[in-house]
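Hello,

Here is the structure I promised to pass on to you. Please have it open while you read, as my notes on it follow below.

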Amino acid sequence: MLFSSVPFLYWFLPLTLAVYFITPLPASGTTRWRNLVLLVASFIFYAWGEPIYVALMAAEVVALWGIGLLLARATTVRAKRGWVGTAVVIAIGVLGYFKYADFFINSFNTAFGLSIPLLRIALPIGISFYTFQMLSYIFDLSAERVTVQRNVLDFATYVVLFPQLVAGPIVRYSDVAAQLSTRSHTLQRFADGATRFTVGLAKKVLIANTIAELATIVAASDERTFLSAWLWVVAFSLQIYFDFSGYSDMAIGIGTMLGFDFPENFNYPYIALSITDFWRRWHMSLSSWFRDYVYIPLGGSRVKPIRHFGNIFAVWALTGFWHGADWRFIAWGLYFGVVLVIEKYAFGGRLLRLPAALAHIYTLLLICIGWVLFEIAGFGNAAALLGRMVGIGTAGLAGAESLYYLRSYAVLLTLGVLGATPLPRWIGERIAAWRIGSFTPSAVLRPIALALLLLLVTAFLVDGSFNPFIYFRF
Amino acid sequence: MNMAAETKNTNKTPQTDTPTATLTEATDAVEPRTSHSSLASTLATVLTFALILGGGFIANRIYTPPEISLSERRPLATMPKLNWGTLSDGTFAADFDKFAADSFIGREQLRALKAWTVLYPFAELDKSGLYLGDSGAGRFQNLDTDSARKVAEKIARVTTGYLSGLNVYWGFVPDKSIYAGRYLPGFDPAAATAAMTPVLGSAGFVDLTDTLNANSFYRTDLHWSQPWLRPTVERLAERMGFEMVWPGGSLVDSTAKLPPSAGDFQGVYPGQLALEMDDDQMLYLPLPESITTHYFDTKTLTWVEGATYDEAEFASDDPYSFFLRGPQALIRIENPDAPNDKELFLFRDSFSSSLAPLLATSYRQITLIDLRYIDIRLVPDYIEFTPGSDALFLYSSQILNSQSVLLVP
């Protein structure tokens, strides 16, 4: 089920919230019964689009919960390693089978001229996210950073919690372990969560979906001009940011309403001054997962330079591969690996000494190149688009179609660019601090803005808006 | 892999030169603000959120949605059937999404809000291809040259297979968007001509592009307005070599009439755009009473006489059906007072519904054949293609872009 859909907004969410908050909290303050509500709701949420894969997810949850119990009882390093290995084999095995089997068969066929038939298995939604969440629990348990969860329902609630189930942020068990048993439900938290959710919903529906139409139109156009190339790159860059960060905002917002504190996932990535900085700000929960569970265990930077390079490229190849079973995602990951190595070893601190405007241009240019590698299928097509971005192979500077769509989407693109900076937040803070005598206008403006955004979003959804979601495929 | 060592390692002070360097300091920039929110604001926010989503849920349970959308001229989605089959293959969820959107309370007003937002605050020049300009509303139709070529191939197969000895002509109705004076020409007549001419040759081509202008079309509909088609009929007469008899004189204003209900109507675009537009007027040119029209009843397989201009149809959901009763497989218009004995076989779409009456005064008989509703292989069972007659294939941009609708094997 999509957050940005009428069934979610006007059926699932109000019903779930109503049942959740009607469910009494015992005097002990334990949230067990509410967890049960969340668990049932989460399975319904997941089954909405993927009924046949509910059993798969449930089986994985039980298996890794059981391994967690055995791991906690293990007293030797060898036994711990065995149980961690078992968990990795199960989780990565399932992920590999459902997500990557056809990729490997296809690559094998191409390399050896074979024609082994593809399995053509439907990808279970969110499998990449919940697999990483479960593994974080096993790794942290092994490292004794968390204590074992003996209640399978609480563990299942953590894994399948619907706000973050299908598209993150990747919530580690340590992030919410305490909140699974006791958490705070206040009006203030609910209001903040509702606001955060609504802002994310508006980012997704009003900006990402609308700009996605531009990206789709331009991609399908026969026009091959310099302007059309850049129009696509800018549109896609904004689409993917507002799409994914909007979804993260919604997830965090719902989590807040329900008493959870999910980790942040974005921090204005397009204002970064280097690619290193960009990856501190983009999909932060994934970056930190790879840092803590892959990079550092491999030795991180505290190894010889050649091994350090290897660690970096291993992590970035995996990061790319996590995004999709295609060579282009691996290339995309490695591309950033190369840039990060260059930034660290060749540029050193020189990037920091560049004027901010130049550093911005440098960073945005490399990000744009990255999105071309990420989204355009076929290296030849990606190369052709990159060529057009620098005037190679273009059919002129601009055509009637690109000029038309530039004009048509000028306001939205401007809104998108400004919205990707801290400017809206700065304006929000100024409004919040605004006082007229003892009256605080924001006390009225906040609910009015929330109502208007919800109304507008509903209008866009009811009229059958273009509603893709890029990160669902991961 | 030594997990014990890893454990020890990762419990140390976190390294800061990770692949992306440290991520720890950049996590609070979008943290929800709480310090400035008053209790009143908090309460108002919670109530607003609950009222809109919870109230929306309750209101939609009480509300009985209509079965059809008059503005969009389509049936609305109904509650899908729930069973294991539809649940497991995902069709229930997909159909429920459509139902939930289609049955939403206040849907028409919400559609209008979206259209207004897209066209005004967002200042987009069109809404999903629908534009609203000085000359009215329209929809961009980019030409699918491959489809246009296949339409030409189908015309060629019909000509070869069925129209031996007839004088065959072909043309197309350019999309109104090219006359709208907008930045993006939606349909390029030159490209359409270039796609079709290699198949059909240029000898029988009738170029209608310069016979039309922005006034030739209704402001609220895709179709052309009959009284403004004199240049078009003149071009056809010139290229096809028939003597044009214009029904009712040469001045539009003095000859055109309105249907009894004053002729005010809304075409398809206000509904599709979800925006209000001023009414169009359905002017028409009256025909001599001696002209009769017969419709082929596909149920009884007989010809039934009926009105050329059907006032009952004007009051229907599709007022343009006033002309020759809208979608019809075969129609025959006879004019015993024609200046010659020629027949015309008009392979057509809805645009010819308003054009054909203007040609009826010049031909003894016109047979309209809509290959969207009858397979060409069945046509000879009901009509006879008389050698020496004229045949005209006239399709709009919509048909050129969707060749599969023509039932020609």
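**Notes on the model**

Chain A is divided into domain 1 (6-183) and domain 2 (189-273 + 397-473), with bounds that come from an automatic or database domain assignment. This is a predicted model, in which local features need pLDDT of at least 70 and side-chain atom pairs count only at pLDDT 80 or more, while totals for chains, interfaces and linings use all residues. Residues are numbered from 1 along each chain as its sequence is written, chains are lettered from A and ligands numbered from 1 in the order in which they are written, and side-chain values use heavy atoms, with hydrogens and water left out.

**Chain A**

The C-alpha centres of the two domains of chain A, domain 1 and domain 2, lie 29 Å apart. Each side brings residues to their contact: 27 from domain 1 of chain A and 27 from domain 2 of chain A. Contact here means heavy atoms within 4.5 Å.

Helices (H or I, at least four residues) and strands (E, at least two) are DSSP runs, numbered from the N terminus. Buried means under 20% relative accessible area, exposed over 50%, and partly exposed in between (1.4 Å probe, protein chains only).

Arg34(A) lies in helix 2 of chain A and counts as buried because its relative accessibility is 7%. Beyond its neighbours within four places in sequence, Arg34(A) is in contact with Tyr20(A), Phe21(A), Thr23(A), Leu25(A), Arg183(A) and His185(A). Arg425(A), found in helix 20 (residues 423-433) of chain A, counts as partly exposed at 34% relative accessibility.

**The nonpolar cores**

A nonpolar core is a set of buried Ala, Val, Leu, Ile, Met, Phe, Trp, Tyr and Cys residues joined through side-chain atoms within 4.5 Å. The largest one has 224 residues, and those that touch the most other members are Phe8(A), Phe197(A), Trp282(A), Trp371(A), Phe49(B) and Trp224(B). Helix 10 (residues 226-257) of chain A gives this core its largest share, 17 residues. Domain 1 and domain 2 of chain A each supply at least three residues to this core. Setting aside residues up to four places away in sequence, Phe197(A) touches Phe49(B) as well as several residues of chain A, including Phe8(A), Leu13(A), Met250(A) and Ile254(A). A second, separate core has 34 residues, including Ala192(B), Phe205(B), Ala329(B) and Ile369(B).

**Chain B**

Chain B has 13 helices and 13 strands, and 51% of its 409 residues count as buried.

Seven strands of chain B form an open sheet with mixed pairing, in the order 5-13-11-12-10-8-9. Two strands pair if DSSP finds at least two bridges between them. Strand 5 (167-173) and strand 9 (302-306) of chain B are the edge strands, each pairing on one side only.

Strand 5 of chain B runs parallel to strand 13 (residues 390-396) of chain B, and seven bridges join them. Here Gly171(B) stands opposite Leu394(B). Strand 10 of chain B pairs antiparallel with strand 12 of chain B over five bridges, and Arg332(B) faces Thr367(B) in strand 12 of chain B as its opposite residue. Strand 8 (residues 292-297) of chain B is also antiparallel to strand 10 of chain B, with four bridges. Four of the five residues of strand 10 of chain B are buried, so this strand is largely enclosed by the rest of the structure.

Helix 12 (residues 351-360) of chain B lies across several of these strands, among them strand 5, strand 11 and strand 13 of chain B. In helix 12 of chain B, 10 of its 10 residues are buried.

Best wishes

Definitions and conventions
Axes are lines fitted to C-alpha atoms, for helices over the stretch in contact, and angles run from 0 to 180 degrees between N-to-C directions.
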